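Biologist: Please show me the model. I would like to ask how each label on it was reached.

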Amino acid sequence: MHGHEHGAGHHHHAHGLDVVARAEALCRDRDLQFTRLRRDVLETVAAAQGPLGAYDIAERLSVPGRRVAAVSVYRALDFLTELGLVHRIASRNAFVSCAHEHGAGEGLVFLICRTCGGIGETTAPEIEAGLGRALDRAGFKPASRIVEVEGECGACRERTG
């Protein structure tokens, strides 16, 4: 199990460069277009201190006289999500960037702090195994395997404890 904080202080400039370099390599390997908008969206999400919604991203990318449409941002996010470069936090309808690769079928567990808004990311093979069996029994093929758990992070618990 590895921890990976998406909360305050985690997104430093190097992370943004890492994820962009990974995006360039993936697109090169798969012969996909890494367009200017896709790059801009990825850089914006990577630089953020927490999850961003499509409208927030569109707002940040827009300049006077040149608005970026949310629908274009959603298309770029779909592309980046498909490649595993960003993850969607469904309960927040927002996106976070991901600096590392996940194995095939490796599910994610997002730990969402209700106090500070920080989002931790981890994997849980034991949850994956149980989920895999339940899905097989149901004859269900998932499009994604992301589990979201809301609560209070260790740092906030220490502050209030």
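**Labels and cut-offs**

Modeller: The largest nonpolar core has 26 residues, and those with the most contacts inside it are V41, L42, I57, V73, L77, L80 and L85. Helices α1, α2, α3 (54–61) and α4 (70–82) each supply at least two residues of this core. A second, separate core of six residues includes I89, V96, L108 and I119.

The model is predicted: local features need pLDDT of at least 70 and side-chain atom pairs count only at pLDDT 80 or more, while totals for chains, interfaces and linings use all residues. Residues are numbered from 1 along each chain as its sequence is written, and side-chain values use heavy atoms, with hydrogens and water left out.

Biologist: What makes a set of residues a nonpolar core?

Modeller: The set must consist of buried Ala, Val, Leu, Ile, Met, Phe, Trp, Tyr and Cys residues joined through side-chain atoms within 4.5 Å. Buried means under 20% relative accessible area, exposed means over 50%, and partly exposed is in between (1.4 Å probe, protein chains only). I89, in strand β2 (residues 86–89), has 0% relative accessibility and therefore counts as buried.

Biologist: Which residues does L77 touch?

Modeller: Leaving out residues up to four places away in sequence, L77 touches V41, V45, A54, I57, V86 and F95. Contact here means heavy atoms within 4.5 Å.

Biologist: How do you know that the span of α4 agrees with expectation?

Modeller: The expected span of a helix is 1.5 Å times one less than its number of residues. For the 13 residues of α4 that should be 18 Å, and the end C-alpha atoms are 18 Å apart, so the two agree. Helices (H or I, at least four residues) and strands (E, at least two) are DSSP runs, numbered from the N terminus. The buried residues of α4 are A70, V73, A76, L77, F79 and L80.

Biologist: What makes β4 and β6 paired strands?

Modeller: Two strands pair if DSSP finds at least two bridges between them. Six bridges join β4 to β6, and the two run parallel; L108 stands opposite I146 in β6. Four bridges join β4 to strand β5 (residues 119–122), and these run antiparallel, with F110 opposite E121 in β5. β4 and β5 form a hairpin with five residues between them. β4 is mostly covered, with five of its six residues buried.

Biologist: How do you know that C113, C116, C153 and C156 gather at one spot?

Modeller: UniProt, in an unreviewed entry, lists C113, C116, C153 and C156 under "binding site". They span 44 residues in sequence, yet no two of their C-alpha atoms are more than 8.3 Å apart, so they gather at one spot. UniProt positions follow the numbering used here, feature names are shortened, and annotations may be inferred rather than shown by experiment.

Biologist: Why is C113 called buried, and why is C153 called partly exposed?

Modeller: C113 has 2% relative accessibility and so counts as buried. C153 has 25% and so counts as partly exposed. C113 is found in strand β4 (residues 108–113), and C153 in the loop between β6 (146–151) and α6 (154–160). Not counting residues up to four places away in sequence, C153 touches C113 and C116.

Biologist: What makes R92 and E150 a salt bridge?

Modeller: A salt bridge is a side-chain nitrogen of Lys or Arg within 4 Å of a carboxyl oxygen of Asp or Glu. The side chains of R92 and E150 meet at 3.1 Å, N to O. The pair links distant parts of the chain, with R92 in the loop between β2 and β3 and E150 in strand β6, 58 residues apart. Salt bridges that share partners join R92, R114 and E150 into one network.

Biologist: How many salt bridges are there, and how far apart are the closest N and O atoms of D40 and R36?

Modeller: The structure holds five. In the D40–R36 salt bridge the closest N and O atoms are 3.2 Å apart. The two residues are four apart in helix α2, which means a separation of about one helical turn. D40 is buried because its relative accessibility is 14%, and R36 is exposed because its value is 62%.

Biologist: What is the phi of D31?

Modeller: Near 60 degrees, a positive value in a residue other than glycine. Most residues other than glycine have a negative phi. D31 lies in the loop between α1 (13–30) and α2 (36–47) and, at 73% relative accessibility, counts as exposed. N93, in the loop between β2 and β3 (94–97), also has a positive phi, near 45 degrees.
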